[in-house]
Amino acid sequence: MTAPEQADRILLTAAVVLILVAGALLLARIWRGPSMLDRAISLDVCAALIIAGLAVKSAFERDPFYFPIMLVLAFLGFTGSVGIARFIAVRDRPRTPRSDDSQEGPL
C-alpha cells in the first residue's frame with residue numbers, strides 16, 4: 001500500500017469514527033429533546049449522517065453506485081424539513097380575531 005492510499009484509509013477511518021460519535025450524540029438529542037422541533041431537527045441531521053456514511057462507504061470502495069441514493073436521501077431530507085417547518089409555522093401562527101369574535105357589548 002502506498003503512502004497516499006494509507007493516508008486515505010486513515011482519513012476515511014477517522015471520518016467513520018466521527019460519524020459514529022455524531023450519531024451517538026444525535027440519538028441522545030432525539031431521546032432528551034425538550035421540544036418537537038429539537039426532535040425534528042435531529043431527524044434531519046440523522047438523514048445527513050446517513051448520507052455522510054454512504055459517502056464514506058462509496059469512498060472506501062471507490063464505487064459511485066451510492067451517489068444517486070445519496071441524492072434521493074438528500075431530497076427526502078429537504079422535503080421533510082420543509083414540511084415540518086411549515087407544520088410548525090402554521091401551528092405557531094397567532095390567531096387573528098374575526099369580526100364575530102369581538103367583545104363589544106350592546107351600547
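Me: How many salt bridges does a search of the whole structure find?
Reply: The model is a predicted one. Side chains of opposite charge can pair when their charged atoms come close. A search of the whole structure for such pairs gives a count of 2 salt bridges.

Me: Which residue forms a salt bridge with D8, and where does that partner lie?
Reply: D8 belongs to helix α1, and the pair links distant parts of the chain, 54 residues apart. The closest N and O atoms of the pair are 3.2 Å apart. The partner is R62, located in the loop between α2 and α3 (67-91).

Me: What separates K57 and E61 along helix α2, in helical turns?
Reply: K57 forms a salt bridge with E61, with the closest N and O atoms 2.8 Å apart. K57 is partly exposed at 35% relative accessible area, and E61 is partly exposed at 41%. An α-helix has 3.6 residues a turn, so residues three or four places apart point the same way. Because K57 and E61 are 4 residues apart in helix α2, their separation is about one helical turn.

Me: What is the order of the elements from the N terminus on?
Reply: The secondary structure of the protein consists of 3 helices and 0 strands. From the N terminus on, the elements therefore read α-α-α.

Me: What distance should helix α1 span, and how far apart are its end C-alpha atoms?
Reply: Helix α1 covers residues 3-32, which is 30 residues.

Me: Which residues of α1 are buried, and which helix is included in what covers them?
Reply: A residue counts as buried when its relative accessible area is under 20%. In α1, this applies to L12, I19, G23 and L26. What covers the buried residues of α1 includes α2 (36-61).

Me: Is S42 buried or exposed, and which residues is it in contact with beyond its neighbours within four places in sequence?
Reply: S42 is found in helix α2. With a relative accessible area of 4%, S42 falls under the 20% limit and is therefore buried. Leaving aside neighbours within four places in sequence, the contacts of S42 are L26, R29 and I30.

Me: Which residues form the nonpolar patch on the surface that includes V21, and what is their accessible area together?
Reply: V21 is found in helix α1. At 44% relative accessibility, V21 counts as partly exposed. The patch is formed by V17, V21 and L25, and their accessible area together is about 280 Å².

Me: What is the geometry of the aromatic pair in the structure?
Reply: A search of the whole structure finds 1 aromatic pair. F65 and Y66 form this pair, with 5.3 Å centre to centre and 80 degrees between the planes. F65 is exposed at 53% relative accessibility, whereas Y66 is buried at 16%. Planes over 60 degrees apart count as edge-to-face, so the geometry of F65 and Y66 is edge-to-face.

Notes:
Residues are numbered from 1 along each chain as its sequence is written. This is a predicted model: local features need pLDDT of at least 70, side-chain atom pairs count only at pLDDT 80 or more; totals for chains, interfaces and linings use all residues. Side-chain values use heavy atoms; hydrogens and water are left out. Helices (H or I, at least four residues) and strands (E, at least two) are DSSP runs, numbered from the N terminus. The expected span of a helix is 1.5 Å times one less than its number of residues. Buried means under 20% relative accessible area, exposed over 50%, partly exposed in between (1.4 Å probe, protein chains only). Contact means heavy atoms within 4.5 Å. Rings of Phe, Tyr and Trp (its six-membered ring) pair if their centres lie within 6.5 Å; planes under 30 degrees apart count as stacked, over 60 as edge-to-face and the rest as tilted. Patches are made of residues with over 30% relative accessible area and no salt bridge: like charges are joined within 9 Å, nonpolar side chains (Val, Leu, Ile, Met, Phe, Trp, Tyr) within 5 Å. Accessible areas come from the Shrake-Rupley method with a 1.4 Å probe; for residues, only the protein chains shown count as cover. A salt bridge is a side-chain nitrogen of Lys or Arg within 4 Å of a carboxyl oxygen of Asp or Glu.
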